[in-house]
Each structure stands twice: as structure tokens, then as C-alpha cells.
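Let's take a walk through a protein together, one stop at a time. Have a look at the sequence and the 3D view, and keep them at hand as you read.

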Amino acid sequence: MSAQGDPHSASSTSYARPQCEGIEAVVSGMASPISAAANATTRSVPIVARGLSARTREHESRGTGTNGNVALQDWFLTAEERGNPATELDRRHDDGLAWTLGNAVRPLVHGKSYFAELHSRIDAMGQGDRLLFTNWRGDPDELLDGPGSEVSTVLCAAAKRGVEVKGLIWRSHLDRFRFSAEQNRTLAQDVELDGGQVVLDMRVRVGGSHHQKFVVLRHPSRPDLDVAYVGGIDLSHSRRDDITHQGDPQRQPMAAVYGPRPPWHDIQVEIRGPAVADVEMVFRERWNDPAPLVRNPISRLRDKLQHVDRRLEPLDERLPDPAPCGTQAVQLLRTYPHRLGGYPFAPRGERSVARGYAKVLERAQQLIYIEDQYLWSVDVARTFAQALRKRPTLRVIAVIPHHPDQDGKISRPPNLLGRSNALRLLSRAGGDRVAVYGIENHSGTPVYVHAKVCVIDDVWAAVGSDNFNRRSWTHDSELGCAVIDDAVDEREHDTYPRPSPAAEPARRYARELRLMLSREHLDRAEGDDADLVDPESAFAAFARSASELDAWCASGRTGARPRGRLRPYRLGKLSRWTRLWAGVLYRLVYDPDGRPWNLRRTGRF
């Protein structure tokens, strides 16, 4: 028996769609309004970047109010701080900024919500429109929204209608390692038969992957419909789950503890406004890389025998940036490794994901909220540990998987070792100010947390493909979306004072993202979050809920099930011998370092 109330409506995982002309005609009813409390306590104040052009300052001054101004270059990386002068991503901006203003960003929590919306948007595309996507894995038979909505069916139908369909999918390693080479090859061939072009991209560092997961939809004759989706959700098996976490019927092989339909928690963000063109630029830079798609002679021979086309057709001309239509500033953060021969757009790699976190964590004062697939690596954890030591009032809430996704005798120990080292470092730095949880569904099955989310002080929020591990920060290609809203959430001014006059007021997007995810994990209905606004109170609410559920499980799960899905994460024990051999595999295979040698020696990114 479960005392859950009714927290499972669509509204508990949706975020109000800022009104932009045109888009509602394509997708309606996909999101419910944001809570009345948030709407009633929101105002807009200017977001400021010092030393900008007069045109930029004029654009930024359109906000109203005189308090709470955010100096964006204090939170975002400047173009120089990105450390990659070869990229066009920042250089293409006339104002010289490394971010864009006037965007509308909306979280889509869970694959089912994202897939349904993506399906609707693609079906509305027509002759001359443009669909660009990248995937780590692509399963052609994965349903986006019921029968007839297979990924390959939807993409092929778009290509037949005259949509320019272009895709980049990681070529992958061998399927005996449970990666996805065969599925990716099939999807590429299906789309190409109907006039699109999807290529298998192995232009990576040795042992690396293309891990970016995004989609860009452009409409030359209807630019108000332009949209991009960025996050951690591939167009593949196991991703189409929802808030009930009963799993995707089309599953991928996973550890037995996750059951026959592994529950899967994930997130993507919808972006509209000028940042859509930034996401498109990420695709263009990769597509235009002149390096061979694959260098392995065996793979090249196999492609020749199977008539796989490795020639990249040129992309159509760039379109003007979409017009501003929202209140959010967006910065794209990326990882590219230091690869032999180099990427033309990142000759020594790019580590703006790592640099972006290093910069923003210097400002953290109250609460860092994390959802992550791994939370590995001492190199990564050290950045968070420094913030915890610097601010005695700073707290960390982390939501991670209870168990690795694979349970092999070789694969499991390196996973546990990487996480153990990172969490012990965080614990030494923050003590009881660090709380780590896993989640389970109402049947008691662990939920695999695949989301990659970080919210800092309810001001800065990031969602992307990048995990908190060294591989994501240095070795594989990654794309994250960092957001700061112009709209201030004023609830804290009524009840919860800021820790200091210098602290930034909470922003609507970041706070609502954290509250939305918190309500799900605590089994709260929309609006039942007054005690979650204040960081200290939220920290206590998480601890209380996890303790109650853990005690109920320990008692044999008798009586009414407490509200909530959180249980404390417990570190596994590894013998000294296991730590020795697992440490070698961890460093070389599971969490390798893709930095140039000079940065490795100094510990910098």
C-alpha cells in the first residue's frame, strides 16, 4: 500500500512554455502552466555584462527593476576563458559575447515527454526545413510516441517530404561490449535510403566517443518555429520512461538489479531564441571536420563491402539567428579531447565544461543540487570540495544511481572505485553538508539516473550530455547548456533572506528546475514545495524523506509506504587487491584523461 497522494500528473514534470509566436500552433497541450506561486512572485531585472558594446547594453537594459542585477561574465565563461580561439561558436556573435540573450528554455523531464514533443515537431516539418542531430546511440525501432513513430520511420518520412536531414552518430565499439555499433549502422542506412544523410562518426580520440545528444530544427520560411533540444537523452532503447518510472518496454541490456524494464530518469531542454543557432554551429563544426570519418582499415573495408557512403554532403547555408523570444541567457559548454591531428575547430581540444564549473563553483554559497549518472573522479570532485571548504554554509545534494548499469565481474569494480574515491573526497571536505541519494520506483526497483543536471544557488543551472567524471570533462565530445534567467523568483525575499547582500537573488528557471525535480523525488504534487525553497529546509526535507523510506524498507516494507523515492546512497566495499586492478582499468578505460600533457601535470583544465 502506498500513501502517495496524486503527484503523478503531467504537471509535476513540466515547465511553463514561455509564449513565442508560432510555436503553439505546432505543439499544444504538451506542458501545463508553471505553479501559481512562481508566477505570482516573479519579476524581471536586467542581466548585465560589463564593458560591452552600446548596442549590447541597450539590449540588456530592456529588463525592468533596479535590484538583483547579474553580471553575466561573473557566472559565464568569457570567450577568452573558454580557451579555444579556433571555434566559431563565440566569434560568430557580433557583440563578442560567449553567450546569447533573449532565449526561452524549458526542461523536458523524462524521455517520454521529450520523445512525444520531438515527434510532433518533426512531423510538422516540410520542404526546405532542416533537421540536424547527433547521437551517442541510435536505435531505429525505438518508438517516439506509439505505433508508427519509430525513430527511423519518423526521420525517413521527414526526408521524403523534402526536409534536409543530417545526422552524426558515434560509430561505436564492438557490440560484445554492449555498445551500439550495429544499431547505429542500421539507422544511418535507413535514413540515407530516403534522401537524408546520417554518418557514423569515429573522429574521436583513441578509446573515446562522441557523446553529444542534441537535435536542431530550423524552418527558413517560419523562423518562429526554430528550436533545439540539448541534454542527455539519446534516440534509443530504455529512454522512453515517465514520472512513474516503470521503464521503457524497448529496453537495452542492463544490470539485473534494474529488472526486465529498467526504470530510467533523464532530462533534455528545449531551447528557442538565438541560442538555437549556437547549437547548430556545434553541429556544423563537427560536420565540416575534414578528417576521415574512420581510420581503421578493417572498418573501412567493411563499409566498402556494405556500400556505406563516407562522403559528407555540404550543409545548406547558415540561416539568420532566431529572434529573441524569452528571458534567459544561454551559454553552451563543450568538451573535445586533445586528439591526434586535432579538430580544426579545437586544435588542442576544448574543456569549457570543466572550466565553466570551476568558475561558477567559486561563487556557490548555499546549495549545489546535482543529478548525475556517475559522479566519479577525484579531479572532478576536487573542484566541488574546494567550494565546500571555502563556504562553511554550502551544502550539496546529489542524486545518482544506486547501482552501475552493468554488473559484470570486470565492469562493476572500476565503477564503484571511481565513485568511492570521489564521494570520500567530498565527504572529507563537507562532512554532513554533503548528502548523496539514489532513487527507486514505488515497486522498490532502483531507478537508473542518467540525467546530467546541476543547479547552483538557484541562479545558474546546467543540463547536458556531460557527466561529472574525467572522461566527460576531458576525453569525449560533450555539450551542455548553462542558463541564467532574467526573471527573479522573489519567494525568498518574503521568508528566506539571502546569506549576504552580495548573493544573487534566485532566478525563476533555475529554482523551478530544482523544485520540479525535487517534487518528483519526494512524491510531492505541484505547489507542494514551500519548504523546499530555502536551501537549508530543502536539505532537511530530502534527508527526512530518505530516512523514512529507508526505515520502512528495513522493517520489511510493512504498512503504508512513506512518500518519496529517495534512499541514502551507500558505498560498496572493495578488497585491496580489487582496488589495485580496478584502479588500472578505471584510469585507462573507464575514466581516461584527454588533456594535453602539460595540463595533466599541473592538474588544470
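The side chains of Glu117 and Arg106 come together in a salt bridge, with 2.6 Å from N to O; the term stands for a side-chain nitrogen of Lys or Arg within 4 Å of a carboxyl oxygen of Asp or Glu. The pair joins distant parts of the chain, since Glu117 sits in helix α5 (residues 111-123) and Arg106 in strand β4 (residues 100-109), 11 residues apart. Helices (H or I, at least four residues) and strands (E, at least two) are DSSP runs, numbered from the N terminus. Is Glu117 buried or exposed? Glu117 counts as buried because its relative accessible area is 1%, and the cut-offs are under 20% for buried, over 50% for exposed and partly exposed in between (1.4 Å probe, protein chains only). Arg106 is buried as well, with 1% relative accessibility.

Before going further, a word about what you are looking at. This is a predicted model, in which local features need pLDDT of at least 70 and side-chain atom pairs count only at pLDDT 80 or more, while totals for chains, interfaces and linings use all residues. Residues are numbered from 1 along each chain as its sequence is written, and side-chain values use heavy atoms, leaving out hydrogens and water.

Stay with Arg106 for a moment, as Glu270 also forms a salt bridge with Arg106, the closest N and O atoms being 3.1 Å apart. This pair links distant parts of the chain too: Glu270 belongs to strand β11 (residues 267-272) and Arg106 to strand β4, 164 residues apart. Both Glu270 and Arg106 are buried.

Another pair to find is Asp139 and Arg137, whose salt bridge has its closest N and O atoms 2.8 Å apart. Asp139 is buried because its relative accessibility is 0%, and Arg137 counts as buried at 6%. How many salt bridges does the structure hold? The structure holds 51. Some of them build a network, which links Arg130, Glu164, Lys166, Arg218, Asp226, Glu280, Arg284 and Glu313.

Now turn to Val463, in strand β19 (residues 460-464). Its relative accessible area is 2%, so Val463 is buried. Which residues surround it? Leaving aside neighbours within four places in sequence, Val463 is in contact (heavy atoms within 4.5 Å) with residues including Val230, Ile267, Val269, Lys452, Cys481 and Leu513. Lys452 is 11 residues away from Val463 along the chain, and their C-alpha atoms are separated by 5.7 Å.

The expected span of a helix is 1.5 Å times one less than its number of residues. For the 15 residues of α15 this gives 21 Å, and the end C-alpha atoms are 21 Å apart, which agrees. Of the 15 residues of α15, 15 are buried, so the helix is largely enclosed by the rest of the structure. After α15 comes Asp523, whose phi is positive, near 60°.

His402 takes us to a loop, the one between β15 (395-399) and α12 (412-430). With a relative accessible area of 17%, His402 is buried. Not counting residues up to four places away in sequence, His402 touches Tyr258, Gly438, Ile439, Arg567, Pro568 and Tyr569.

Val584 counts as partly exposed because its relative accessibility is 41%.

Finally, step back to the whole protein. There are 18 helices and 22 strands, and 61% of the 605 residues count as buried. Among contacts with a separation of 6 or more, 77% are between residues 24 or more positions apart.

How confident is the predictor? The mean pLDDT, a confidence in each residue from 0 to 100, is 87, and 84% of the residues reach 70 or more. Over residues 1-14 the pLDDT is below 50, and this stretch has 35 contacts in the model beyond near neighbours in sequence. Residues 173-178 also have pLDDT under 50, and the model gives them 13 contacts beyond four places in sequence.

Technical notes: pLDDT = per-residue confidence, 0-100.
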